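Thank you all for coming. Today I would like to walk you slowly through one structure, and I would ask you to keep the picture in view while I talk.

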Amino acid sequence: MSAKIFTILKTNYTTKGVLNGMLIYTFGDTIASLMLQQFYISRVIGISLVGGFVYSLEIPAYFRWIDSKTKAKASTRFSGPLLRTALALAYFNPLWIARHLAFIAIFSGQFNAIRLSLLGIAGKSFLANIPLSVLANFLIQNTLPYKYRFTGSAVFSSLMAVYYALSAVWFR
């Protein structure tokens with residue numbers, strides 16, 4: 001079991017991926033925190049670590065899984081790209097958004113903000129951004145080569161980090 005975990009870590013963690021995750025997610029979240037006047041150095045450091053060591057591991061692994069599940073449909077002009085897009089949307093679901101909002105609360109020292117209401121905020125946020133998310137995930141999954149998908153997704157997520165942070169205020 002430990003050999004398998006080591007192989008997964010070795011395959012998915014790259015210096016470029018970790019640095020991209022650290023920088024890109026931090027950039028978007030810092031913009032959001034400045035816009036909301038909620039800037040904390042602990043938040044910058046925390047989101048940097050999450051982007052570099054959590055998101056840079058799990059997102060490329062999930063994108064690799066999408067590739068493995070859609071290979072047979074790759075030749076299908078219509079269903080393959082739609083399946084890839086749907087699987088990407090399924091990953092970045094309200095639970096993912098709520099977890100991201102919980103990370104923000106933790107790193108901002110706002111532990112009392114971590115409540116079940118985060119799921120409601122995340123659900124409303126997810127539903128409101130579906131048109132943009134469908135388009136962005138379609139382009140990321142179907143036009144970018146695998147090795148650029150995490151970076152493309154991180155850039156989109158960085159933009160969405162601004163939206164998610166604002167949605168925590170808008171959708172209360």
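I will begin with the chain as a whole and then turn to one helix and its surroundings.

Please bear in mind that what you see is a predicted model. The secondary structure of the protein chain comes to 8 helices and 0 strands, and of the 172 residues in the chain, 46% are buried. If we take the contacts between residues at least 6 apart in sequence, 78% of them join residues at least 24 apart.

Now let us look at helix H5, which covers residues 94-107.

Which residues of H5 are buried? They are Trp96, Ile97, Ala98, His100, Leu101, Ala102, Phe103, Ile104 and Ala105, and what covers them includes H2, H3, H4, H6 and H8.

Let me finish with one of these partners, helix H3, residues 41-70, whose axis comes within 8 Å of the axis of H5 and crosses it at roughly 145°, in a right-handed crossing. Among the residues that meet there are Ile47, Val50 and Tyr55 in H3, and Trp96, His100 and Phe103 in H5. The residues of this contact divide into 8 nonpolar, 3 polar and 3 charged.

Conventions: Residues are numbered from 1 along each chain as its sequence is written. This is a predicted model: local features need pLDDT of at least 70, side-chain atom pairs count only at pLDDT 80 or more; totals for chains, interfaces and linings use all residues. Side-chain values use heavy atoms; hydrogens and water are left out. Axes are lines fitted to C-alpha atoms, for helices over the stretch in contact, and angles run from 0 to 180 degrees between N-to-C directions. Helices (H or I, at least four residues) and strands (E, at least two) are DSSP runs, numbered from the N terminus. A crossing is left-handed if the near helix is turned anticlockwise from the far one by less than a right angle, and right-handed if clockwise. Contact means heavy atoms within 4.5 Å. Ala, Val, Leu, Ile, Met, Phe, Trp, Tyr, Cys and Pro count as nonpolar, Asp, Glu, Lys and Arg as charged, and the others, Gly among them, as polar. Buried means under 20% relative accessible area, exposed over 50%, partly exposed in between (1.4 Å probe, protein chains only).
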